[in-house]
Amino acid sequence: MLKKQLKNISLAMLALVATSCSDLLTTEPKQSISPEVALKDITGVRALLISVYDRLQPNTYYGARMMIAPEIMADNVRLTNTNSNRYFNERVNAPSAHMQQFWANYAAINEANFIIQGIGGSNTTEAEKASIKAEALFLRALLYFDMARVFCYEPTKVVGDANLGMILRTEPTDDVTKADFKSRSTIQETYQLIEKDLKEAIALFPATGNRLRANKAAANALLARVYLYWEKYADAITYATAALDAPNGATFVTGANYVSAFTSAPNPESLFEINYVQATESLGVNESMHSLTTNLTTGNWADVVPTNELLGLYEANDIRRTQAMFSGTKGGESVVFSRKFPGARGPFTDNIPVIRLSEVLLIRAEAYAATGKEDLALADLNRIRTRAGATAVAATVKGADLIDAIMKERRLELYLEGHRFFDLKRRGQTITKASLSAVVPYDDFRILAPLPVAQVQLNKNLKQNRGY
């Protein structure tokens with residue numbers, strides 16, 4: 001991703017446990033130099049930071065699953081009649097068909113912990129130390145937040161007494177024998193750590209940075225997203241505004257440039273985007289977002305297509321329907337494909353936008369609406385709609401109807417970007433799957449992912465989610 005050779009250097013230098021501190025089943029081989037010694041050399045620190053970024057890339061995380069599973073587990077996408085059985089169980093919300101793969105985030109968290117603890121002693125400038133620590137804090141916050149979304153209820157939407165969060169580890173572990181078996185924190189404590197990490201990162205980041213790396217604007221935007229989930233709406237407005245006012249070079253694209261923006265690296269709207277180098281990091285013909293969502297290149301791919309319900313929500317002139325999607329055939333079935341992942345970086349290779357300016361506008365719109373600032377909410381919402389060629393929402397739309405309009409717009413704008421399931425979950429809403437004549441109530445145990453059975457068996461202090 002960011003010079004693979006540096007990652008190889010780090011693996012040769014560092015004696016790191018590359019798993020969760022509660023996941024003690026497998027470890028990487030020890031090498032001859034301790035982390036304390038290796039991290040004094042900034043080359044090793046830089047390489048270890050690259051390793052954390054690389055752990056975001058696989059198809060089991062942002063490479064595909066983080067983008068598709070939240071869409072198909074909700075009501076935004078379906079499988080074509082002829083398919084490869086990928087996401088077959090997720091489409092019907094089968095028990096245990098979820099996103100529990102994200103438990104592996106603890107490996108990346110452990111690496112981030114080494115950087116956060118060790119960067120102060122490295123042989124580099126104070127400015128680089130601050131920037132690298134900020135990146136590691138941002139990444140640790142993102143990793144914990146993604147796990148919390150999957151395994152836990154939001155702090156204000158707890159069902160019964162199921163208020164558990166994640167196991168919180170902020171100290172690095174370089175030897176399996178040094179790890180301890182911890183209990184899960186509360187979800188409130190989990191969010192508090194995420195908040196603390198992002199605020200510290202924001203304070204440390206320089207004003208501008210690389211949008212293919214963590215940066216100040218992205219940290220402001222991610223914290224705004226966290227506060228939206230937490231229903232701390234005033235704070236969400238503050239940090240969304242900070243991101244929008246100083247977007248680090250990101251720009252809100254015009255309607256004519258909407259589709260082409262997804263062929264640029266980074267996307268002009270991306271505040272943080274995961275970069276892929278086609279020669280070494282392509283996820284290939286079977287596992288990439290390109291191969292799973294479109295047949296723009298030769299072949300019979302694209303198992304995942306929008307539901308008829310979603311298609312029916314777009315207005316006739318909406319460019320997100322007329323230009324960012326196109327009609328085709330899959331196995332004799334007439335379907336609609338997406339242009340968001342066109343193989344722009346090379347065959348089956350696209351960058352993944354983690355957070356875009358459009359999402360930040362919708363975060364602020366929702367927070368404005370929730371706090372009674374309806375005129376401001378409409379301004380943000382209609383900026384999205386009019387750019388797309390859709391009719392502006394009327395000033396007479398207020399209260400719950402305005403919130404509904406914003407949630408609808410999130411479906412239309414953020415399609416295939418991994419938000420729909422989490423949007424319903426954070427608002428405590430039932431998932432209605434019209435294409436299957438099925439519903440998943442919010443209090444259904446399937447809303448949360450099961451913790452990996454091996455971890456629960458290994459750590460007697462680790463409490464499984466209800467229903468599993």
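In this predicted model, the largest pocket has a volume of about 270 Å³. Its lining is made up of 18 residues, and those closest to the centre of the pocket are Arg78, Leu79, Thr307, Ser435 and Leu436. Two elements, β1 (77-79) and α14 (308-311), each give two or more residues to this lining. The largest share comes from β1, which supplies three residues. By residue class, the lining of the largest pocket divides into seven nonpolar, six polar and five charged residues.

The second largest pocket has a volume of about 220 Å³. Here 12 residues form the lining, and Arg55, Pro58, Thr60, Tyr61 and Ala104 lie nearest the centre. Six residues of this second lining are nonpolar, three are polar and three are charged.

Two packed helices can be described by the angle between their axes and the distance between those axes. For helix α8 (residues 216-230) and helix α16 (residues 357-370), the packing angle is about 35° and the axes are 10 Å apart. The crossing of α8 past α16 is left-handed. On the α8 side, the contact is made by Ala221, Ala224, Arg225 and Leu228, which meet Glu359, Val360, Ile363, Glu366 and Ala367 of α16. The residues of this contact divide into six nonpolar and three charged, with no polar residue. Among the charged residues of the contact, Arg225 is contributed by α8, whereas Glu359 and Glu366 are contributed by α16.

Salt bridges in the model number 37. One of them joins arginine 387 to glutamate 269, with the closest N and O atoms 2.7 Å apart. This pair links distant parts of the chain, the two residues being 118 residues apart. Arginine 387 belongs to helix α17 (residues 374-387), while glutamate 269 is placed in the loop between α10 (258-261) and β2 (270-274).

The loop between α10 and β2 also holds proline 266. The peptide bond that leads from alanine 265 to proline 266 is cis, and its omega is near 0°.

Asparagine 93 is located in the loop between β1 and α5 (105-118).

Notes: Residues numbered from 1 in each chain as written. Predicted model: local features only at pLDDT ≥ 70, side-chain atom pairs only at ≥ 80, totals over all residues. Heavy atoms only, no water. 1 Å grid on protein atoms, 1.4 Å probe; cavity = no way out; pocket = protein on both sides within 12 Å on 5 of 7 lines; lining within 4 Å. Points joined across faces, edges and corners; volume = space filled by probe spheres on them. Helix = DSSP H or I, 4+ residues; strand = E, 2+ residues; numbered from the N terminus. Axes fitted to C-alpha atoms, helices over the stretch in contact; angles between N-to-C directions. Left-handed = near helix turned anticlockwise from the far one by under 90°. Contact = heavy atoms within 4.5 Å. Salt bridge = Lys/Arg side-chain N within 4 Å of Asp/Glu carboxyl O.
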